[in-house]
Amino acid sequence: IRVFMKQIFKKMMREQIQAGLNNLAELANKPAPKGGWIYTIRHALGMSGTQLAKRLGCTQSNITALERREKAGTISLQSLEQAADAMNCRLVYFFIPNKPLDQLREDQARLIAKKRMRAINHSMALEQQSLTQAQKQQQEDELAHELMYHDNAKHLWDADEDDKHDV
């Protein structure tokens, strides 16, 4: 019962995280401003590069470099946070999964199940004990479910990097 309760707790936790991510997904689909956020917010505030530099305790050329690094994607989170703070903003940093979290887990479990079932089916075929397609699918479904809920789910991510290309 303790293991079952732990699984329920983890699922509830994933669902809460997913609900928060769903709220952010629309925002994440909007592209960043062409000039970068520092430049865009600075201009929207009517703040010059020299004024931002003074607030950050650096030179105007440092601000130009900062904005250039942001556009190039080479800026550090710390620098972004400092710039945001100097403009009375806050930096928000998050990951948006390409699919719902539970779907990512299921996809990974199915990937492993397919790989394991391929090896088993090959052996069975050599012994002329092949399963029907429906039986193969049922076995795969059961193995994926076992991997997701009865095994330690952390093992889902131990598979070789090449496995994700096998399906």
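Hi everyone! Residues are numbered from 1 along each chain as its sequence is written, and side-chain values use heavy atoms, without hydrogens and water. As the model is predicted, local features need pLDDT of at least 70 and side-chain atom pairs 80 or more, while totals for chains, interfaces and linings use all residues.

Let's start with Glu-67, in helix α4, residues 60-72; helices are DSSP runs (H or I, at least four residues), numbered from the N terminus. Is Glu-67 buried or exposed? With a relative accessible area of 10%, Glu-67 is buried, because buried means under 20%, exposed over 50% and partly exposed in between, with a 1.4 Å probe and protein chains only. Leaving out residues up to four places away in sequence, Glu-67 touches Ile-38, Tyr-39 and Arg-42, where contact means heavy atoms within 4.5 Å.

Now the helix pairs. The axes of α2 (residues 37-45) and α4 come within 8 Å and cross at roughly 125°. On the α2 side, Trp-37, Ile-38, Tyr-39 and Arg-42 make the contact, and on the α4 side Ile-63, Leu-66, Glu-67 and Glu-70. Axes are lines fitted to C-alpha atoms, for helices over the stretch in contact, and angles run from 0 to 180 degrees between N-to-C directions.

Next, α3 (residues 49-56) and α5 (residues 77-86) pack at about 105°, with axes 9 Å apart. Here Leu-52, Arg-55 and Leu-56 of α3 meet Gln-82, Ala-83 and Ala-86 of α5.

Finally, Ile-8 lies in α1, residues 2-28, and is partly exposed at 32% relative accessibility.

Methods:
Helix = DSSP H or I, 4+ residues; strand = E, 2+ residues; numbered from the N terminus.
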